[in-house]
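Open the model in your viewer and keep the selection panel at hand. We will go from stop to stop, selecting a few residues each time.

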Amino acid sequence: TADVLVIEQLAVVDCLRGSGLGKSLVRRVLWEGTCRGAFRALLASVDAAVPFYEQLGFQRVPAEDELANLIEDLWSDAVLLTRDALEPFDDSIESLCSGSITDDD
């Protein structure tokens, strides 16, 4: 299991933006992380996409945070976001998680 889920390189092509695909992708990734034992998710985003992630429960990591400074040093246009206390999306997720996902998936 992993304590922290790191989301990298998630994007939706222009013609599919607004279709709900991005939201579905993020929810699926969070579901996978929850099933694997993650309690926190981190991602670096371009500033224009921050409102999208905030709708999904992510919050900006304060600029004074050491991790935010590291991300800024690596990608000057990135904003670090976090979502703590990953929660199942419904009551049935625990039964879905048990044994349904392997590291090979």
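A pocket here is an open set of grid points where a 1.4 Å probe fits, with protein on both sides within 12 Å along at least five of seven lines. Keep in mind that this is a predicted model.

**Stop 1: the largest pocket**

Select Leu10, Ala11, Ala44, Ser45 and Tyr53. Of the 30 residues that line the largest pocket, these lie nearest its centre. The space inside comes to about 860 Å³.

Which element gives the largest share of the lining? Colour S2: five lining residues come from this strand. Colour the lining by class and you get 20 nonpolar, six polar and four charged residues.

**Stop 2: the loop between S1 and H1**

Pick Val12, in the loop between S1 and H1. Is Val12 buried or exposed? Its relative accessible area is 16%, under the 20% cut-off, so Val12 is buried. Val12 and Gly22 are ten residues apart in sequence, and their C-alpha atoms are 6.2 Å apart in space.

Move to Leu16, also found in the loop between S1 and H1. Leu16 counts as partly exposed, at 38% relative accessibility. Together with Leu16 they make a nonpolar surface patch of about 300 Å².

**Stop 3**

Select Arg28, Glu32 and Arg36, which are linked in a network of salt bridges. Arg28 and Glu32 meet at 2.7 Å, N to O. They are four residues apart in helix H1, so about one helical turn separates them. Arg36 also bridges to Glu32, with the closest N and O atoms 4.0 Å apart. Glu32 is buried at 18% relative accessibility. Arg28 is partly exposed at 46%, and Arg36 is partly exposed at 29%.

Next, select Asp47 and Arg60. Their side chains form a salt bridge at 3.0 Å, N to O. This pair links distant parts of the chain, 13 residues apart: Asp47 sits in the loop between S2 and H2, Arg60 in strand S3. Asp47 is partly exposed at 45%, and Arg60 is partly exposed at 44%.

**Stop 4: Asp65**

Finish at Asp65, in the loop between strand S3 (59-60) and H3. Asp65 is partly exposed, with a relative accessible area of 31%. Draw a C-alpha to C-alpha distance to Leu80: 9.8 Å in space, across 15 residues in sequence.

Key: Residues are numbered from 1 along each chain as its sequence is written. This is a predicted model: local features need pLDDT of at least 70, side-chain atom pairs count only at pLDDT 80 or more; totals for chains, interfaces and linings use all residues. Side-chain values use heavy atoms; hydrogens and water are left out. On a 1 Å grid over the protein atoms alone, a cavity is a set of points where a 1.4 Å probe fits but cannot get out, and a pocket is an open set with protein on both sides within 12 Å along at least five of seven lines; lining residues have an atom within 4 Å of a point. Grid points are joined across faces, edges and corners, and a volume is the space filled by probe spheres set on the points. Helices (H or I, at least four residues) and strands (E, at least two) are DSSP runs, numbered from the N terminus. Ala, Val, Leu, Ile, Met, Phe, Trp, Tyr, Cys and Pro count as nonpolar, Asp, Glu, Lys and Arg as charged, and the others, Gly among them, as polar. Patches are made of residues with over 30% relative accessible area and no salt bridge: like charges are joined within 9 Å, nonpolar side chains (Val, Leu, Ile, Met, Phe, Trp, Tyr) within 5 Å. Accessible areas come from the Shrake-Rupley method with a 1.4 Å probe; for residues, only the protein chains shown count as cover. Buried means under 20% relative accessible area, exposed over 50%, partly exposed in between (1.4 Å probe, protein chains only).
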